[in-house]
Amino acid sequence: GATTIRSKVKSVPDDVWVQCDYPQCLKWRKLPKGTNQASLPDIWYCTMHPDKRVRALGHDFPEEEYDAEEEVVVQETKEIKRKYEEDQRAKREAKRQRAEAQRKAELEVAAAKEQALEVERDQIQQEREKLALLEQSLHAKYRNMGANGTGASAGAAADVTVPQNVSPQPQPQAFLHFTAGQGVPAAQGRA
């Protein structure tokens, strides 16, 4: 499990080896555990070693033997670390993909709602336009009746054409009340 991986990683850290750049030395030096390899300068000498014993003797300090058995353990540890990090990356990627899929689904739902709302707005606008045409038609009939001096009759009210599928929701602010045989009435406000 993850606990075993962490304990192995902590117990066998990676070793950092550096070669002295002094031409008469060129010895390999093992640096202390936890040394950040990225912090090392491009040109490095034995006198720069963090251990004061090595620093004091400089190039005369004996080169450490390379332990092949330790290298095997280090390589195994690196492989365990690599697999663990790969697993963590895969988990993060799966989580990112789930979040992205959820966000995409939410955007699709929002787009569908927006589209439905736009269709509804268009229908309301069409209803308003039909009502405006009906109102214009009624006013024109009313003016024509008044101009002819004939007054309103049952037949005059029947001549008004009402568009099909007009919703009763949006209504004009005033309405006309016609009674057969009583002439042209005045417009009355809605209560």
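Predicted model: local features only at pLDDT ≥ 70, side-chain atom pairs only at ≥ 80, totals over all residues.

Analyst: Arg-96 is partly exposed at 41% relative accessibility. Glu-100 is partly exposed too, at 39%. Elsewhere, shared partners link Glu-79, Arg-82 and Glu-86 into one salt-bridge network. Within it, Arg-82 pairs with Glu-79, and their closest N and O atoms are 2.4 Å apart. These two are three residues apart in helix H3 (residues 68-148), so about one helical turn separates them. Arg-82 is partly exposed, at 34% relative accessible area. Glu-79 is also partly exposed, at 32%.

The structure holds eight salt bridges. Another one of them joins Arg-53 to Asp-51, with 3.2 Å between the closest N and O atoms. Here Arg-53 is exposed at 54%, while Asp-51 is partly exposed at 23%.

Now the cysteines. There are zero disulfides. The sulfur of Cys-20 has its closest cysteine sulfur in Cys-46, 3.7 Å away; a disulfide needs 2.5 Å or less, so this is too far for a bond. Cys-20 is buried, with 0% relative accessible area. Cys-46 is buried as well, also at 0%.

Last, the nonpolar surface. Tyr-22, Ile-43, Tyr-45 and Met-48 make a patch of about 370 Å². Tyr-22 lies in the loop between strand S1 (17-19) and strand S2 (28-30). Tyr-22 is partly exposed, at 36% relative accessible area.

How values were computed. Residues numbered from 1 in each chain as written. Heavy atoms only, no water. Patch = residues over 30% accessible without salt bridge, like charges linked within 9 Å, V, L, I, M, F, W, Y side chains within 5 Å. Areas by Shrake-Rupley, 256 points an atom, 1.4 Å probe, with all protein chains shown as cover. Salt bridge = Lys/Arg side-chain N within 4 Å of Asp/Glu carboxyl O. Helix = DSSP H or I, 4+ residues; strand = E, 2+ residues; numbered from the N terminus. Buried < 20%, exposed > 50% of the residue type's maximum accessible area, 1.4 Å probe, protein only.
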